[in-house]
Amino acid sequence: MAYIAPIHRPSSVRHAIKLNLLDPDHECLVLAKANRVEIWEPTTDGLVLRHSKAIHGRVSMFAKLSPPNATTDHLVIGTVRFRYFTVVWRPESQTLETVQAFEDFTEKYIQESNSQDQLIVDPSGRYLILELYQGIISLIKVKARLRRSATAIADDYLEVPEQMRIMELKVRASTFLYTEEDKPKVAFLYEDARGKMKLSTYRVIGKSNEWSRFDPARDRENELDDLDLGASHLIPVPKPDVVGRRHVPRDEHRAKAHLSGVIIVGETMLTYLDDESKATVTQRLQKPAIFVAWVAYDDLNYLLADDYGFLYLLRIVVEGTLLLEMSVRELGKTSTVSTMVYMGNGILFIGSHTGDSQVVAVNLQSQHAISLLQTMPNIAPIMDFAVMDMGNREGETQSNDYSSGQARLVTCSGAYQDGSLRSVRSGVGLEDIGILADMEDIQDMFSLRSTSKSTMDDTLVVSFPTESRIFKFDEEGQIEELDGFRSLALNGRILLAMNLPGGALLQVTPTFVSILPLDPSQKVYNWYPPEGQVITAVSANTHHVLLAANGTALVSLDVRRNLEEVAAQTLQGDQVACINISPEISDVGVVGFWKSGSLSLLRLTDLHIIHSEDLQRSNDISIPRDVVLTQILPRDRFGPSLFVAMEDGIVLSFNVDASTYALSCRKSIVLGTQQARFQTVPSSSEGVFNIFATCEHPSLIYGSEGSVVYSAVTAEDAVCVASFDSEAYPDCLIVATSNTLKICQIDIERRTHVQTLPMGKTVRRIAYSQVEGAFAIGCINRELIDAVEHVTSSLELAEEVLLGQIGKPWIFQDPDMLGVELIECVVRAELPVNHGDSILEERFIVGTSFEGEDGAMNGAVKGRIMIFAVDKMKEFVLVHSTMLRGACRRVAVMSDGKIAAALVKTVVVYDYEEDTAVSASLRKLATYRASTVPIDIDVTGNIIAVADLTKSVALIQYTAGKDGLEDKLVEVGRHHETGWATGVSHIADNTYLETDQDGNLILLTRQPCVTKELKFKKELEVTGEINLGEMVNKIQRIHVEPSPNAIVLPKAFLATTEGSIFLLSLVPPQNLTLLISLQNLIASRITTLGDINFNSYRGFKNGEREAQEPFRFIDGELIQRYLDFGEVLQEDIAREVGVSAEGLRGTVEELRRIH
């Protein structure tokens, strides 16, 4: 059984639309990223994410509807599994809700459409056409009147779809036309049986207001032949605002082209058709281009984008309503476009699948027409990736290497000119701005404002065991150490220093408490502990000071009455371990106790106990060491939260009732092996705070979407921190390490940190060398020279920290005119050598293929295996090259140094012998004929797992020949289902993970055989399957030693074409029932957009079969939803599962920290 959870959400943008979804007067932008719908609002600072929602399905289409009586637009969403629904924004709940949903039950034997699924809406918004299959369209009418307001969820304003057959099978594009009548027209651009491109137009509604039958003989309005063979898009041109109906001459030869027609966009030619007069205008392009998207700038100007990332302006030249000509000019270069949306006022959004999405300003009057305003990072498609910096566990110091920031993934992202290397790391970023000084033994730090008129911090107090030091910051960021400041006592440790209203300062040392006035001539108020006692713990706000004397007595002082002692209490048989007073809650304090292992909430006016909580469990004797009470979630919906750092590294959290201060919803999570130390830091939201926890793995605790989130901070050596908001360093932190004091900028929440090395070409393969401290990357460069495309491959080195290129790249020349050579795989390996002092030397193995007609005509050479070394100058040295009869798709190294290679139709095992540093040989030992084409291989011992193009997975065993017999490869296992595999990996004993092009994950297991002749059964058994919804390009196995009580066991990272990265883990048998029951209970209690069932969404699906639910697979994203439920529902689910709600919350929190 397996557990799959995302660690990086999809970033590829394939669909985007502009509409008045949130507000009737303001437009917003809606993006589709795989199964996520994002709403972005335009602001003066660019596009800002307003809302994000996951749906149970990958988005295949967007459309805008304006139903009758609706004040805002509705959004139509379609998924790849033929589910369609409309949604509306609910301002009162600040979320999207489903209005109407329907599903296509057409028999799936019908061939799918030639282009992507699409939904087109006529200009009046009353008719829709859905294109899913070849030769079939679905016609949908929007009801003219509704019984109730269209904002009511129960109203179905879309009539039942009606399917019609059309003769145009291979449709490339379609669009509604602008007409003068109320009966809409539709145009189809299609390829006929002879491969020629044609255009046909129909009226959608007949004379009797019934649907057209789309009969070419009766219903076809127009037909246009001999179009550009590369024609791909149709642009409807609006009719002008003129009074009266236009006159159409009967003689077609005298007719002229007027506006209100359609432009057919081709690679070499533009054609305009006036559908009323049948007149055409043709415009040849100065240079050919493959256009991939278009968007209207205004009625006479359109923006076109090609597959090289160039943006063009298509301008229509008119005289009145008469179209004279069309012109196309290049504007500039952007990311390769998947979709474009013109936001108005010269702002253009560019959504990209292969590069970063962008917001650009377009000025048609300027020589530099395009300027970049905003970039949205995108790491899709991930072609390959490497894992580095994996740490080892020590006890329970970490629950997952990726979430702790220890795992760094370096991805081959993008394609063509958008190709890049991306370093992906999770956590809360802590960026060093500067080092203040080298200091050791820092105990505490406090930020102060020097005057009552100051609104920003300008003074830092640094406390050491035997002294304290003062640092003053000016407006330009210059720092000066002061000998004294406002009469603060600096001859010992300062336990607390803070500003008070009116400009006074509060100082607490082990021996006294003082209020220091702003005016030195005014009186200083002091409080001293009883003789022989010292202050061991203290916390304060602007109203009270709560302190412990010798750990055995609690004292409450009133700050407003000049440190008057308002209450004191001597503890009987216990000691104070920690104290906290919240700045937002003036009259309540929290105290943790040593002996009892409990805490109490006290009323500060008389130290009366409001609430007590026993923190220890029957098998736990840990004590609280730090505590903080603060508002971490929005105040309008949630009360305060209480966090307790226990001595053994566990952090407990509670919800606090804002009126009674009762504690509820206890949760526990492991942050390390020793106690954490808390420091509240301001959040980006007013009245809300975050908590910085310093321990072995520092974490930031913050609120997100109504839940408390623990995220690793990239500051492994932090000892203590203090928030510091100054003129020169706004919203910063002062961080003290064991030997350094520095100022840093911190993220407000956990995010994926992506470092980019733009390559300008496809980075297809990557291999990491710890010896060289670098990555070997295989690149494919595509460039256009004099309208001719040139493709070259190269092997390069990139430095591991900054990803900078080092050394000279190895350029793959065309050997013996065999055609273009493409890199297929790059693997780092330690291979045996027969020279020098070493037995094993690091080498890079490269597999290639030759493409083109020249390669097919020059013998049977179709690929190569090449072995490279790296010299002292960090340059590649070719050690050996072997010509092959087929392309080398994958290579893997066996435990004894032999090389397994997946060629076009065979798997071959080679013996490698290296006699000198520049000469070696490969000797073929054994071969295996695959079913079709091996796509991927994975080696464990002498077993080679082979992922086949169409025949799933087979296991073959290599056996060395004995007594003069030849070596052989024998098939010992097979999965007998048809499956278009994309990868395979061995993840546990006798367990393999297979991925396919339909986005399925399949766990295959070799089962023991009862007979003595065979150790294992030959048929591989499916022990788990789920539909991920995204095609996996790469599986990377990881080796992490789990803790003894780990809930799941991480085994592999998975990267997809949509830019997602998942962590796959195996579930120990003792946790299997718990997680399956929890998943089923959560799935039955949630509602999603489109009312799509979770089981049908995650059920296995390919062209051969479709399952009703996932099999022995846990969706980690769904499990997390448990924490979003209210406490009553959590208790209900926990009761049905058979565990406590607190324990279940802790389990889910631990799982969430995995990613």
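## A nonpolar core and the helices around it

The largest nonpolar core of this predicted model has 41 residues, and Tyr-3, Phe-1053, Tyr-1122 and Ile-1133 have the most contacts inside it. A nonpolar core here is a set of buried Ala, Val, Leu, Ile, Met, Phe, Trp, Tyr and Cys residues joined through side-chain atoms within 4.5 Å; buried means under 20% relative accessible area, exposed over 50%, and partly exposed in between (1.4 Å probe, protein chains only). Elements that each supply at least two residues of this core include strand 1 (2–8), strand 83 (1049–1056), helix 2 (1069–1085), helix 5 (1127–1137) and helix 6 (1141–1152). Helix 2 gives the largest share, six residues. Helices (H or I, at least four residues) and strands (E, at least two) are DSSP runs, numbered from the N terminus.

A word on the model: it is predicted, so local features need pLDDT of at least 70 and side-chain atom pairs count only at pLDDT 80 or more, while totals for chains, interfaces and linings use all residues. Residues are numbered from 1 along each chain as its sequence is written, and side-chain values use heavy atoms, with hydrogens and water left out.

Let's look at Ile-1133. Leaving aside neighbours within four places in sequence, Ile-1133 is in contact (heavy atoms within 4.5 Å) with Leu-1078, Leu-1081, Ile-1082, Arg-1085, Tyr-1122, Phe-1125 and Leu-1144.

How do the helices pack? The table lists two pairs, with angles running from 0 to 180 degrees between N-to-C directions and axes fitted to C-alpha atoms over the stretch in contact.

| Helix pair | Angle | Axis distance |
|---|---|---|
| Helix 5 and helix 6 | about 95° | 9 Å |
| Helix 2 and helix 5 | about 140° | 10 Å |

Helix 5 is thus roughly perpendicular to helix 6, whereas helix 2 and helix 5 are oblique to each other. For these words, angles under 35 degrees count as roughly parallel, over 145 as roughly antiparallel, 65 to 115 as roughly perpendicular and the rest as oblique.

Gln-1130, Glu-1131, Ile-1133 and Ala-1134 in helix 5 meet Ala-1141, Leu-1144 and Arg-1145 in helix 6. Four residues of that contact are nonpolar, one is polar and two are charged. In these classes, Ala, Val, Leu, Ile, Met, Phe, Trp, Tyr, Cys and Pro count as nonpolar, Asp, Glu, Lys and Arg as charged, and the others, Gly among them, as polar.

On the helix 2 side, Leu-1074, Leu-1078, Leu-1081, Ile-1082 and Arg-1085 meet Leu-1129, Asp-1132, Ile-1133, Glu-1136 and Val-1137 in helix 5.
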